[in-house]
Amino acid sequence: MTETAKAGTTVAEVTAELAALEDPKTRAVNERHGDDHGVNLGKLRAIAKRLKTRQDLAEELWATGDSAARLLALLICRPKAFGRDELDAMLREARTPKVHDWLVNYVVRKSPHAEELRVAWFTDPDPVVASAGWALTTERVAKRPDGLDLAGLLDTVEAEMKDAPPQLQWAMNHCLAQIGIEHPEHRARAIAIGERLEVLKDYPTSPGCTSPFAPVWIDEMVRRRAES
């Protein structure tokens, strides 16, 4: 008997519940960010909390190809249950920003294959895949920088970020900012690169939020840490 059957919850029941939560206004907002579902994420998380960890059901939900179902799958799966090639295939299928982001942050980062995939994805010719490699690298910049060539990362950002496709550019910019925030010896150069390239300089930022423009982002985070 499968885990899904034992739990008494089928993929059909879950997808029907998700379909009932579809809201046109939510979809319109999500579509402006490149996503293709209309389920409120708070309600989706509530379903995940009720279902708890269900690897079999997660795999079935992912296989539907529906973005809301895939987001739920990422919340109820066991990250360590996926093989390296499975995660690689899943990332290449995850073409909407939210599914891509949750897969990297909630699953791949907790996988024993994270470092191997980081290295493989970092130089992938597909910019969406490469952005995942940069996201994993940014985490290492902040938490486990030993072994990383930070100066080399800055060289790459300086040479390539300006003309990178949007999702890859965003990931590279995050890495640039994180280097400046976490590593004082590279801070001046990180700020100078950001100022020269002007990537995301005019990005609209809500009141109370920090601009993603790297020089501003770095200065603000360093200031907050100094005051804490």
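Reply: First, a definition. Axes are lines fitted to C-alpha atoms, for helices over the stretch in contact, and angles run from 0 to 180 degrees between N-to-C directions. Two packed helices are described by the angle between their axes and the distance between the axes. Bear in mind that this is a predicted model.

Start with α5 and α6. Helix α5 covers residues 55–63, and helix α6 covers residues 67–76. Their axes lie 8 Å apart, at an angle of about 160°. Angles over 145 degrees count as roughly antiparallel. The two helices are therefore roughly antiparallel to each other. The crossing of α5 past α6 is left-handed. Which residues make the contact? From α5 come Gln 55, Leu 57, Ala 58, Leu 61 and Trp 62. From α6 come Ala 69, Arg 70, Leu 72, Ala 73, Leu 74 and Ile 76. By class, 9 of these residues are nonpolar, 1 is polar and 1 is charged.

Now turn to a second pair. Helix α9, residues 114–122, packs against α10 at an angle of about 130°. Here the axes are 7 Å apart. That angle makes α9 oblique to α10. This crossing, too, is left-handed. On the α9 side, the contact uses Ala 114, Glu 115, Arg 118, Trp 121 and Phe 122. On the α10 side, it uses Val 129, Ala 130, Ala 132, Gly 133, Trp 134, Leu 136, Thr 137 and Arg 140. The classes are 8 nonpolar, 2 polar and 3 charged.

Leaving aside neighbours within four places in sequence, Pro 145 is in contact with Arg 140 and His 183. Pro 145 sits in the loop between α10 (127–143) and α11 (150–160). Is Pro 145 buried, partly exposed or exposed? Pro 145 is partly exposed, with a relative accessible area of 24%. Pro 145 and His 183 are 38 residues apart in sequence. In space, their C-alpha atoms are 9.5 Å apart.

Last, the whole protein. The secondary structure comes to 14 helices and 0 strands. The radius of gyration is 19 Å, close to the 17 Å that the globule rule gives for 228 residues, so the protein is as compact as a globular protein of that length. Along the principal axes, the C-alpha atoms fill a box of roughly 60 × 40 × 35 Å. Of the 228 residues, 44% count as buried. Among contacts between residues at least 6 apart in sequence, 63% join residues at least 24 apart.

Notes: Residues are numbered from 1 along each chain as its sequence is written. This is a predicted model: local features need pLDDT of at least 70, side-chain atom pairs count only at pLDDT 80 or more; totals for chains, interfaces and linings use all residues. Side-chain values use heavy atoms; hydrogens and water are left out. Helices (H or I, at least four residues) and strands (E, at least two) are DSSP runs, numbered from the N terminus. Angles under 35 degrees count as roughly parallel, over 145 as roughly antiparallel, 65 to 115 as roughly perpendicular and the rest as oblique. A crossing is left-handed if the near helix is turned anticlockwise from the far one by less than a right angle, and right-handed if clockwise. Contact means heavy atoms within 4.5 Å. Ala, Val, Leu, Ile, Met, Phe, Trp, Tyr, Cys and Pro count as nonpolar, Asp, Glu, Lys and Arg as charged, and the others, Gly among them, as polar. Buried means under 20% relative accessible area, exposed over 50%, partly exposed in between (1.4 Å probe, protein chains only). The radius of gyration is taken over C-alpha atoms; the globule rule is 2.2 Å times the number of residues to the power 0.38.
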